[in-house]
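Please look at the sequence and the 3D structure below, and keep both at hand while reading.

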Amino acid sequence: MAAANTTKTSWRLQEIVAHSSNVSSLALGKTSGRLLATGGEDCRVNIWAVSKPNCIMSLTGHNTPVECIQFSSSEEQVVAGSQSGSLRVWDLEAAKILRTLMGHKANICSLDFHPFGEYLASGSMDTNIKLWDVRRKGCVFRYKGHTQAVRCLAFSPDGKWLASASDDSTIKLWDLTAGKMITEFAAHTGAVNIVQFHPNEYLLASGSSDRTIKLWDLEKFKMIGSSEGQTGPVRCICFSPDGCCLYSGSQDTLRVHGWEPDRCFDVVAVGWGRVADLATCNNQLIGVSYNLTNVSSYVVDLNRVKKSGSVIHGLIQDDKPLPEPAAKGSTIRRNYERPLTTCANQRVKQNSESDRRSPEGERRSPSSEDERDEKESTAEIRNAEDYKEIFQPKSAISRTPPKKSEPFPAPLEDESFVVKPNPALEMVTPVPDRQALKNPPIASSTPVIRVEPTVVPAAARPLPVIAPVTRPPPVAPPAARPQPGVAPVQARPEPAVIFSTRNEPIGLNVGDFLPPSRNSKPMSLSDEDALSQIRKGHDTMCVMLSSRHKNLDTVRAVWSSGDVKTSLDSAVSINDLSIVVDILNIVNLKPSLWKLDLCTAILPQIEVLLQSKYESYVQTGCTSLKLILKRFWPLISDTLTAPPSVGVDITREERHQKCKTCYKQLKNLSNMVKNKAGQVGRHGSAFRELQLLMAPLDS
């Protein structure tokens with residue numbers, strides 16, 4: 001059966017409703033490629049078998065959304081980090097909480113298990129990296145050096161080094177035994193999202209938001225390759241098991257890279273959107289992505305992907321075949337020396353110096369609070385049959401790669417895809433209507449003019465056919481049915497926060513604008529008839545949009561003069577907050593346009609935006625405030641603390657006055673940010689990051 005369906009290079013394997021609220025993180029088991037963990041804003045961690053529709057177990061205990069997840073190399077344990085900065089480790093075979101670790105002051109952004117031994121590393125938005133002893137519940141060491149959030153951590157295959165990638169565009173390499181940084185790589189021009197060690201050689205790969213992949217020689221500590229041409233930020237990378245090539249995942253694209261010289265062997269279009277993780281198994285590559293409450297998995301047949309030969313894109317432009325990669329054992333670099341025993345001889349150095357430098361202490365005894373947290377944490381088995389098959393046996397378990405005859409079969413060319421509901425989740429919490437689960441627009445670097453609150457975001461790419469839920473529609477009582485010529489009554493209350501990725505207009509039901517059907521039979525309408533029905537009664541909306549267009553033309557005329565400050569002032573004078581948001585969405589993309597004058601005009605508008613009920617307005621305000629703090633706070637601080645000048649310096653006096661005004665406005669915003677930092681979801685995460693950036697205001 002599988003052999004007959006091998007005409008496709010890539011296909012969607014499955015789409016599931018993974019959580020009762022939005023999915024916030026996920027991770028594949030790298031050893032088998034058959035296990036998936038998802039974390040959600042419902043504070044749960046759910047464990048799945050790839051390609052199976054039912055959740056195996058659901059792990060509870062976190063009180064804030066789960067921001068990061070990682071499996072151990074044996075896939076017997078899983079660790080999850082939350083927005084509050086806490087870590088929880090579960091034993092999947094015993095189906096119970098193993099450890100609760102506290103110590104970070106902000107969101108957990110990255111996690112990785114040591115390849116052998118009971119240790120794990122965590123990176124946070126507080127810029128710190130911590131190395132934990134899971135058995136003793138203690139922090140063994142803390143590594144400082146990054147200036148922004150630590151987005152990825154990776155242990156070397158021999159367990160001696162730790163690589164960290166950060167939003168500050170740098171990669172740092174740490175020696176675990178010596179407890180210090182070995183070197184820093186700083187060639188990226190954007191946030192570094194992912195790093196991974198070569199499985200055999202002293203080689204490190206990194207992927208960044210600057211749309212490049214770079215490779216680093218770990219003997220000479222220098223860059224040996226840089227691949228460009230990505231369709232978007234590089235979100236995940238994965239070396240092939242034999243180390244002959246590197247796979248990279250970005251927006252709807254998989255690329256196959258070689259190095260020395262730089263080359264791109266193949267480019268595969270895969271409809272996975274913003275892919276979040278990759279794993280290989282059975283000569284197939286598994287990619288997973290998430291959107292709202294849905295998680296989708298995709299398969300790429302690596303037998304149909306070029307891993308050597310002619311160059312697709314790179315430094316070499318001819319069509320001559322390139323030599324095959326050198327066989328393992330004949331490489332020009334050293335190979336990792338893996339220990340022959342367990343962690344007994346490979347323990348991280350724990351001397352008196354590390355004890356002194358670790359404020360938490362290595363031998364911290366469990367507190368009553370930790371014991372209470374672990375009692376409240378549970379591992380609820382949702383699918384006993386799959387659980388026993390995967391986690392209970394000690395030999396030939398399903399997590400080991402299956403036989404070569406058992407890869408995921410490719411679908412037929414004309415086969416449609418069905419989203420399978422998760423009955424276990426429906427028993428616990430109501431799942432949103434499947435007809436409302438649509439992909440939001442793909443993010444773009446081009447500023448988008450938003451109309452709030454009446455325009456529905458358009459889907460950026462078509463979704464495969466989704467089977468409707470086979471349940472009868474609710475029948476309204478006679479009094480509640482819309483009568484001809486009578487406007488229906490809107491009973492739905494308006495939400496407190498209006499999300500930017502909503503699937504329908506607020507306060508509107510499209511069905512109310514269509515003519516009532518007779519005898520409860522669906523009425524077939526042409527596209528023109530349907531549009532004419534929907535247009536009726538929208539004179540007010542047309543007037544509003546016409547006014548919005550006129551206001552934007554006014555601001556654009558001022559903008560063409562080249563004075564950003566004047567154009568912003570004109571937008572403020574129009575007294576339409578949506579126009580201000582449109583202007584800020586443009587200038588936020590061009591930090592070079594910002595001057596101190598612009599800060600004094602924008603900060604009062606940011607205060608209004610942060611209190612808006614529209615999520616998109618709040619996010620725009622947070623982006624502008626973050627930019628001001630990063631670029632102008634050093635200038636403001638230095639100007640206000642500098643001693644008075646001896647002579648008369650008019651320029652300095654004007655600058656001092658502007659800095660004083662900005663400082664007062666930032667102080668007011670600081671109190672608001674503190675009050676909102678306790679929220680959950682995207683708002684809470686953004687406000688906590690701002691709170692860290694605004695900490696110098698209190699000193």
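Predicted model: local features only at pLDDT ≥ 70, side-chain atom pairs only at ≥ 80, totals over all residues.

Start with helix H6, which runs over residues 539-559. Helix H6 has 21 residues, and the distance from its first C-alpha to its last is 30 Å, close to the 30 Å expected at 1.5 Å a residue. Which residues of H6 are buried? They are Arg548, Asn551 and Val555. These three cover an arc of only 65° around the axis, so they are on the same side of H6. The spacing can be understood from a general rule: an α-helix has 3.6 residues a turn, so residues three or four places apart point the same way. The buried residues of H6 pack against helix H7 (564-573) and helix H8 (577-587). On the other side of H6, the exposed residues are Asp539, Val543, His549, Lys550, Arg556 and Ala557.

Next comes the backbone. Most residues other than glycine have a negative phi, and most peptide bonds are trans. The loop between strand S24 (253-258) and strand S25 (263-269) holds Pro261, and Glu260 is found in the loop between S24 and S25 as well. The peptide bond from Glu260 to Pro261 is cis, with omega near 5°. Glu260 also has a positive phi, near 50°. With a relative accessible area of 37%, Glu260 is partly exposed. A positive phi is found in Ser51 too, with a value near 85°. Ser51 belongs to the loop between strand S4 (45-49) and strand S5 (55-60). Its relative accessibility is 30%, so Ser51 counts as partly exposed.

Last come the aromatic rings. Counting rings of Phe, Tyr and Trp whose centres lie within 6.5 Å, the model has nine aromatic pairs. One of them is formed by Trp161 and Phe221, which are tilted, with 6.4 Å centre to centre and 40° between the planes. Trp161 lies in strand S15 (residues 161-166) and Phe221 in the loop between strand S20 (213-217) and strand S21 (222-227), so the pair ties together parts that are 60 residues apart in sequence. Trp161 is buried, at 14% relative accessible area, whereas Phe221 is partly exposed, at 32%.

Trp633 and Tyr663 form a stacked pair, 6.3 Å centre to centre with 20° between the planes. This pair links helix H10 (residues 615-641), which holds Trp633, with helix H11 (residues 650-676), which holds Tyr663; the two residues are 30 residues apart. Trp633 is buried, with a relative accessible area of 15%, and Tyr663 is partly exposed, at 26%. Elsewhere, Phe141, Tyr143 and Trp174 form one aromatic cluster.

Notes. Residues numbered from 1 in each chain as written. Heavy atoms only, no water. Helix = DSSP H or I, 4+ residues; strand = E, 2+ residues; numbered from the N terminus. Expected span 1.5 Å × (residues − 1). Buried < 20%, exposed > 50% of the residue type's maximum accessible area, 1.4 Å probe, protein only. Arc of directions from axis to C-beta. Contact = heavy atoms within 4.5 Å. Phe/Tyr/Trp six-rings, centres within 6.5 Å; stacked < 30°, edge-to-face > 60°.
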